[in-house]
Each structure stands twice: as C-alpha cells, then as structure tokens.
Amino acid sequence: MNDPSGVNLVRAVLEGVKIGSPKGDNLMPSFAAAYSDAEIASVSNYVIGHFGGKQGSVTSADVRAARN
Ligand code: HEM
C-alpha cells in the first residue's frame with residue numbers, strides 16, 4: 001500500500017490472499033471476475049492514497065497486464 005505503482009496490491013485484489021496460521025488459513029477472495037480493470041485500478045489508487053498516504057498511479061492497462 002506504500003508502493004504508488006500498486007504492483008503487489010493489484011495482485012492481492014486480483015488473485016486473493018491465503019495466509020496460513022496454526023489455527024487454519026486466512027483467506028481473502030479473488031476479485032478478478034467481479035470487477036473491471038478500471039474498477040480495480042480505482043480501488044487500488046484509493047487504498048494507496050488512504051492507507052499509504054501517496055498518490056497511486058495504477059491504470060486500467062496495469063490491471064489488464066497483471067491478470068493471468
Ligand atoms: C477491495 C477490497 C480489498 C482490498 C484492497 C484488500 C487488500 C488486501 C491486502 C493488500 C492484503 C495484504 C496481503 C499481504 O499482506 O500479503 C489483504 C489481506 C487479506 N484480506 Fe483483503 N482486501 C480487500 C477485501 C477483502 C475482503 C472483502 C476480505 C474478506 C472477505 C478480505 C480478506 C483478507 C484476508 C483474510 C487477508 C489476510 C489477512 C492476514 O491474515 O494477514 N479482503 N487484503
């Protein structure tokens with residue numbers, strides 16, 4: 001969230017997150033199918049601005065390129 005280009009953030013939103021713990025896995029769902037490139041770019045820039053305190057520079061083209 002501190003990276004204005006949002007490379008890891010976009011991947012987390014597209015692919016979801018799975019973090020193991022002794023009590024089981026913590027899962028974040030993938031949002032790749034639910035939202036458009038523009039919507040994911042938009043929410044990523046919001047998150048970078050709100051929590052990273054920086055101006056995000058994520059574009060729709062960046063999100064498209066990050067999709068599998
Ligand atoms: C657009 C909305 C969201 C954004 C931008 C977002 C972003 C992130 C990011 C950046 C991480 C950290 C990944 C890492 O540290 O490796 C994360 C973790 C996580 N997210 Fe989300 N998330 C969103 C919505 C959600 C929703 C709706 C859920 C649950 C239904 C969720 C559940 C989780 C879980 C369980 C983790 C792992 C937490 C942990 O154990 O450390 N997220 N998310």
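Is Asp25 buried, exposed or partly exposed? Asp25 is partly exposed, because its relative accessible area is 45%. For these words, buried means under 20% relative accessible area, exposed means over 50%, and partly exposed lies in between, with a 1.4 Å probe and protein chains only. We will come back to Asp25 once the setting is clear.

You are looking at a predicted model, in which local features need pLDDT of at least 70 and side-chain atom pairs count only at pLDDT 80 or more, while totals for chains, interfaces and linings use all residues. Residues are numbered from 1 along each chain as its sequence is written, and side-chain values use heavy atoms, with hydrogens and water left out.

Let us start with the overall layout. The protein chain has three helices and two strands, and along the sequence these follow the pattern α-β-β-α-α. Helices (H or I, at least four residues) and strands (E, at least two) are DSSP runs, numbered from the N terminus. Taken along the principal axes, the C-alpha atoms of the protein chain fill a box of roughly 35 × 25 × 15 Å. The protein chain has 68 residues, of which 24% count as buried.

Now turn to the ligand and its iron atom. Which residue of the protein is the single donor to the iron atom? It is Met28, whose SD atom is 2.1 Å away from the iron. Donors here are N, O and S atoms within 2.8 Å of the metal (3.2 Å for Na, K and Ca), and since water is not among the atoms, sites may look incomplete. Met28 has its place in strand S2, which covers residues 24–28.

The residues around the ligand include Met1, Leu9, Val13, Asn26, Leu27, Pro29, Phe31 and Val47; to be counted as near, a residue needs one of its heavy atoms within 4 Å of the molecule. Helix H1 (7–15), strand S1 (17–21), S2 and H2 are the elements that give two or more residues to this shell. The largest share, three residues, comes from S2.

Val43 is another of the residues around the ligand, and Val43 is found in helix H2. At a relative accessible area of 38%, Val43 is partly exposed. From Val43 to Ser60 there are 17 residues in sequence and 11 Å in space, C-alpha to C-alpha.

Next come the charged side chains. A salt bridge is a side-chain nitrogen of Lys or Arg within 4 Å of a carboxyl oxygen of Asp or Glu, and a search of the whole structure finds four of them. Here Asp25 returns: its side chain meets that of Lys18 in a salt bridge (3.6 Å, N to O). Lys18 is exposed, because its relative accessible area is 61%.

A second salt bridge joins Glu15 and Arg11, with the closest N and O atoms 3.0 Å apart. Both residues lie in helix H1, four residues apart, which is about one turn of the helix. Glu15 is partly exposed at 37% relative accessibility, and Arg11 is partly exposed as well, with a relative accessible area of 47%.

The side chains of Asp37 and Arg67 meet in a salt bridge too (2.6 Å, N to O). Asp37 lies in helix H2 and Arg67 in the segment after helix H3 (60–66), so this pair ties together parts that are 30 residues apart in sequence. Asp37 counts as buried, because its relative accessibility is 16%, whereas Arg67 is partly exposed at 27%. Arg64 joins in as well: Asp37, Arg64 and Arg67 are linked in a network of salt bridges.

Met1, Tyr46 and Phe51 make a nonpolar surface patch of about 390 Å². Patches are made of residues with over 30% relative accessible area and no salt bridge, where like charges are joined within 9 Å and nonpolar side chains (Val, Leu, Ile, Met, Phe, Trp, Tyr) within 5 Å. Accessible areas come from the Shrake-Rupley method with a 1.4 Å probe, and for residues, only the protein chains shown count as cover. Phe51 lies in helix H2 (residues 37–52) and counts as exposed, at 57% relative accessibility.
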